[in-house]
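Keep the 3D view open as you read.

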Amino acid sequence: MTTAHEPTIPPPRRLRPWNAVERRLAKVGISGRVLVLVAPVLWLLVFFLVPLAVVFGISLATKQFGRPPYSALLSTEEGTVQLTLHLSNYIKLFTDNLYVAAYLSSIRIAAIATVITLLIGYPMAYAIARAPDRWRNILLMLVVLPFFTSFLLRVYALTGFMRGNGVINQFLGLFGIEPLVMMQTDFAVYVGIVYTYLPFMILPLYTTLVKLDTALFEASADLGARPARTFLSITLPLSLPGIVAGSMLVFIPAIGEFVIPSLLGGPGTLMIGRVLWDEFFTNTNWPRAAAVAMAMLVVVVVPIMLLQRAQSAVVEK
Amino acid sequence: MRRGWFLPIAASLGFAFLYAPIVSLVIFSFNESKLVTVWSGFSTKWYGELFSDPQLLGAAWLSLQIAAISASIALVLGTLAAVALVRFRRFKGRTLFSGMVSAPLVMPDVITGLALLLLFVAMESTLGWPQGRGMLTIVIAHATFCTAYVCVVVQSRLSDFDRSLEEAAMDLGASPLRTFFDITLPIIAPALVSGWLLGFTLSLDDLVIASFVSGPGSSTLPMVIFSKVKLGVSPDVNALATIIIAIVALGVLIATILQLRARPKKARG
């Protein structure tokens, strides 16, 4: 079909309101981009970036009685402004064995739990990626469903499972096996982390595994490689971004975990999230808690950068 | 690929591990005895007890309100952030912006909670706002981390869809704003729904951040549950958990069905 009439088509009248709005905004120097960016940028600056700066500032103060319970950094006295920075909190972090031990033990617990999660999550992700089409979405939904269910309630469910007279011990009792002590041990903390963070491991692994070209496996098999060899030299290296992304998604939050060690762990389970919590709520030493948070931030910064690189690799492939 | 026996068995064990504790929790919510782990007969009395506990009901209502408001704020902010990240290839401070958007996803809760509390306290002493802590401060805190989740969900939908639809609208004379509301928004609507639901459930679930930024008299549901659970296992928590799990399962089921329907049918090879 060809248009017989004049080629210039006047814009439909309905468009006017939006055009007018935009023209008016442009007059004050506001472009569409600024309009889109202004709200999220301001919000995140004020409620994400500035708070971290405030934490840093208060970590350089000392505890004192009153409201707020920390010393002011800036003081004015007879016309001179004085800046007082206390390094005592950071010095304490390095000299007090409690903090050093808590950091090391958090990293150890998070690392071990991450490896266990990977060992359980990888076969699951692989099985889902190789499942028939119509099964795949259902299986994925089954993985995601617990993630949507309350984290706190899932940890609670585990306590009912592992208690002295819990489901596992009653089951073992049927075979005449003595009840095991599982609650309030580091073992329970491992189980708790693996149990609650398993979906975070499976999803990125699945995303990389499902995109692998099956022709590669066939080629490898044709060339005489056994399944184990194919897995080690083809599947595993190609799924590395998924492994890194999944591991970091478990490792980073696990380091700062508070709920799991306090509900499942024993008094000897030292984790830095719990130390920070006690410092704040029990000792009301806000500057010390802030210093603990800054040190924790340093510990997670490298894993966060690793995660960002791995995630862009997962998405792009 | 040859299918071995290893994968199906590993996957089944994995799913059993994921679901066995939940299933046992649901079963024991119908237990008559106060002992949560010894079965003594079917009863729904713990559900009755639940609905006559004013502290629990009040906390639940507060949590639902906070979740709805903060998910809605996060929906707007997260969508705007996603549009900026997907559509604006280059602008000043893009790296910082994308870092700020995604960092709350992995930031340990104790740090986020402490940081926001210290901010609120510092703001109150210098600006006089916000006065005290309570629902408002919890909403602000939740909206901040939910924004990150909404942004991720909307981002993936935005980068998936065919941009030529937007270009066609603009060629036909639609302004950018009109194109956004008439073309872009309807297309990304399913992502908006799932982003909002995600924010809602995450807010409903948060214990640590809320504990830091809440004030006296504004205990959320997870805070009340946590203090109950610390004292030991109690059957009314099982009942509450069962109700929450049922609602969530229904929600996820509906969302999944909607997403599967909304997705254009691909040719299956």
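How many residues does the contact take from chain A and from chain B? It takes 81 from chain A and 70 from chain B, where two residues count as in contact if their C-beta atoms, placed from the backbone, lie within 7 Å. Helix α2 (residues 32-59) of chain A gives the largest share of chain A's side, 18 residues. Helices here are DSSP runs (H or I, at least four residues), numbered from the N terminus. By class, chain A's side has 63 nonpolar, 13 polar and 5 charged residues; Ala, Val, Leu, Ile, Met, Phe, Trp, Tyr, Cys and Pro count as nonpolar, Asp, Glu, Lys and Arg as charged, and the others, Gly among them, as polar.

A quick word on what you're looking at: this is a predicted model, with local features needing pLDDT of at least 70 and side-chain atom pairs 80 or more, while totals for chains, interfaces and linings use all residues. Residues are numbered from 1 along each chain as its sequence is written, and chains are lettered from A in the order in which they are written.

Now for the domains. Chain A is assigned domain 1 (14-83) and domain 2 (88-316), and their C-alpha centres lie 35 Å apart. In chain A, 9 residues of domain 1 are in contact with 11 residues of domain 2. Domain 1's side of that contact divides into 6 nonpolar, 2 polar and 1 charged.

Finally, find helix α8 (residues 186-211) of chain A. 23 of the 26 residues of α8(A) are buried (20 or more other C-beta atoms within 10 Å of their own), so α8(A) is largely enclosed by the rest of the structure.

Key
Domains from an automatic or database assignment. Helix = DSSP H or I, 4+ residues; strand = E, 2+ residues; numbered from the N terminus. Buried ≥ 20, exposed ≤ 12 C-beta atoms within 10 Å, placed from the backbone.
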